[in-house]
Every structure is written in structure tokens, then in C-alpha cells.
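Visitor: Could you take me closely through one part of this model, namely its salt bridges, and say where the partners sit and how exposed they are?

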Amino acid sequence: MQIVTTYLVSTIILIFLGCVRSASAGGTAGACFDITKLKCGCSLHECSQELCAANGGIWSGLCLHYCNPDECGKNSHATIFDIAKDNGSFTTLLQAVESVDLTETLSSSTSELTLFAPTDHAFAAMEGLNELLHDTEALKTLLLNHVVDRKITSDHFTDGLIIEALGKEKLKIQTTHDGITINNARITVTDIEASNGVIHVIDAVLTFKTGDGACYDDTSNKCTCEAHTCSETMCTSSGGHWTNQCHTHCDPYDCESKTQINTIVDVATIIGSFDTFLSAAKQEGLIETLSAPGSLTVFAPTDETFAAVEGL
């Protein structure tokens with residue numbers, strides 16, 4: 001009974017002080033209440049309303065002290081690895097980092113890095129996680145593709161920004177009215193400052209728009225990533241075959257830019273399988289139509305198809 005009474009008195013005092021401070025400090029003033037430890041905190045990973053929520057806490061104006069927003073996210077000594085470890089929401093990420101010897105990379109005092117950090121929930125939702133954790137090489141590459149070798153804060157995020165990760169994959173930033181995404185993930189918390197860079201929290205393990213290979217040209221006996229061969233579909237239509245055995249892989253983003261530069265006539269000419277179609281288009285004065293800016297779809301018969309037409 002005494003414990004209950006003490007608790008009620010403490011709660012009343014806490015509410016009273018909280019109300020007074022909330023009135024003087026503004027609606028968002030407060031600290032992070034940890035429901036597992038039943039205490040308020042302003043540590044590095046919970047010193048703002050957004051960080052508190054991401055860490056499973058409740059932002060409250062009823063705490064006896066308030067977090068200083070000017071100090072939030074700043075720590076002159078803690079590295080990216082230290083902060084992620086202190087946070088408690090990145091256990092799987094850090095276990096993976098340690099298992100492939102990347103701890104030193106994220107702890108280096110001479111580096112300026114950006115880590116897009118998937119939470120434990122993000123890893124738990126990933127298909128094939130157990131297999132991945134036992135594939136050291138694939139796991140290391142995946143983790144490196146969540147790290148950029150320079151510090152990029154959110155004020156540099158622009159729609160369509162392409163960033164190359166340490167694992168050589170391309171990361172694409174997109175900004176919408178719903179927030180900021182990177183590839184398949186949503187960035188839920190930005191700009192957690194560290195002594196060697198910055199952390200952005202993401203809600204999914206990144207996946208990548210991969211070509212998984214290049215186009216092997218059986219005629220020239222070489223791998224290509226030209227404008228007409230830089231995707232599996234284009235490779236096949238040009239008479240090649242797609243393979244991951246090439247020494248280089250096609251860059252899907254580069255492929256998009258190449259195909260955007262070339263008109264329908266350009267691509268058809270480069271492929272070399274549509275000579276009859278192009279001759280007919282030229283004869284009928286349609287080359288300008290197929291070369292003009294705009295968005296067209298052409299169902300293009302190949303030379304072989306025309307050759308099979310009776311009475312051509």
C-alpha cells in the first residue's frame with residue numbers, strides 16, 4: 001500500500017512539474033521515456049522526438065528534465081559503430097558487421113562515412129536472412145552497399161540523387177510528399193551525427209536494381225553493355241545472351257540513361273535486325289516521326305519476320 005501511495009504521489013508531482021515545464025518550454029519539449037526501464041532519458045539515440053519513437057520510447061513532457069535540441073545527435077567521440085551499438089535497435093546489423101570484419105571500417109577515426117542503417121525489424125522482414133548471414137562474401141558486399149565513403153547529410157538529399165556505395169551499387173534518393181526513400185527503403189530518421197560521419201535510419205534492408213550480368217555477343221565473342229544490349233531484354237532481342245560470367249556487369253542506371261538518349265530509330269539501327277522495317281519507314285516518310293521527341297511504342301518486326309511475309 002505504501003509503494004502504491006508513493007508511486008501516486010510521485011506521479012502527481014511528475015505531472016505537475018511536466019505541465020509547468022511544458023507550458024514554458026513549448027509543445028515538443030520533453031524527454032524520452034523508456035517503457036522497458038521505466039525512466040526518462042536524453043542519450044544520443046533518444047534525444048529527439050523522432051529518435052525516441054524510432055527506438056521504441058515515448059516522448060513525454062512529464063519527464064523531470066528536458067533534452068537539449070542543440071545537443072541532440074552530437075557526440076565528438078562516438079563513432080558510427082559506437083552510436084549504433086548504444087542505440088539498441090541495430091543488433092542484427094552490428095552482428096553482421098562484426099562477422100565480416102567491418103567493425104574497424106565503421107569505427108575508423110580518420111573516415112567520413114554515411115551509414116544507411118536498417119533496424120532489427122528491417123532485417124527480420126528480409127527474405128533469406130539466415131542464408132545470407134552464412135554467406136560471408138555476399139553479406140559483406142550487402143553491408144558495404146549500405147555505406148558511402150563520404151558524409152552526406154539530409155540537406156544534400158535531392159530527388160533523383162544517385163550515390164555510389166562502397167560495395168559499388170548505386171543508391172537512388174527520391175523525395176516525395178510522404179518523405180524520403182532510398183532504393184526500396186524509407187528513411188525514417190536522418191542526420192544522427194557521429195565523430196566519423198552520419199547515420200540515417202532506414203526501415204528495410206536495401207535491394208538493388210541489378211543487371212546481374214552483361215550481354216555476350218556470340219558474333220564478336222565479347223561481353224557488351226552498349227545502349228542496345230544493356231538489359232537482358234535488349235540483349236536477347238539483339239541476338240546475344242545474358243550471362244553473369246562476364247568480367248563486368250551492366251549498370252542498370254547507366255542503361256536507362258543510354259536508352260533515353262537514343263531514339264527508336266537509333267536503337268533499331270544499332271541492333272541491326274530491323275533493316276527492312278527502317279527501309280519501309282524511310283520510304284513512307286516515317287523516320288522523322290520515329291525520331292521526334294515524345295513517347296512512342298513500336299511493335300517492330302525483325303528482318304526475319306519480313307522475309308517470311310508472302311508477297312513482300
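Guide: What follows is a walk through the salt bridges and their partners. This is a predicted model, in which local features need pLDDT of at least 70 and side-chain atom pairs count only at pLDDT 80 or more, while totals for chains, interfaces and linings use all residues. Residues are numbered from 1 along each chain as its sequence is written, and side-chain values use heavy atoms, with hydrogens and water left out.

The structure holds four salt bridges, each being a side-chain nitrogen of Lys or Arg within 4 Å of a carboxyl oxygen of Asp or Glu. One of them joins the side chains of E193 and K151 at 2.8 Å, N to O. This pair links distant parts of the chain, 42 residues apart, with E193 in strand 9 (residues 185–194) and K151 in the loop between strand 5 (147–148) and strand 6 (162–164); strands here are DSSP runs of E, at least two residues long, numbered from the N terminus. E193, at 24% relative accessibility, and K151, at 33%, are both partly exposed, a class that lies between buried (under 20% relative accessible area) and exposed (over 50%), using a 1.4 Å probe and protein chains only.

Strand 9 also carries R186, whose partner D203 lies in the loop between strand 10 (197–202) and strand 11 (214–217), 17 residues apart. Salt bridges that share partners join E164, K168 and K170 into one network. Within that group, the closest N and O atoms of K168 and E164 are 3.8 Å apart; K168 is exposed at 59%, whereas E164 is partly exposed at 37%.

Key:
Helix = DSSP H or I, 4+ residues; strand = E, 2+ residues; numbered from the N terminus.
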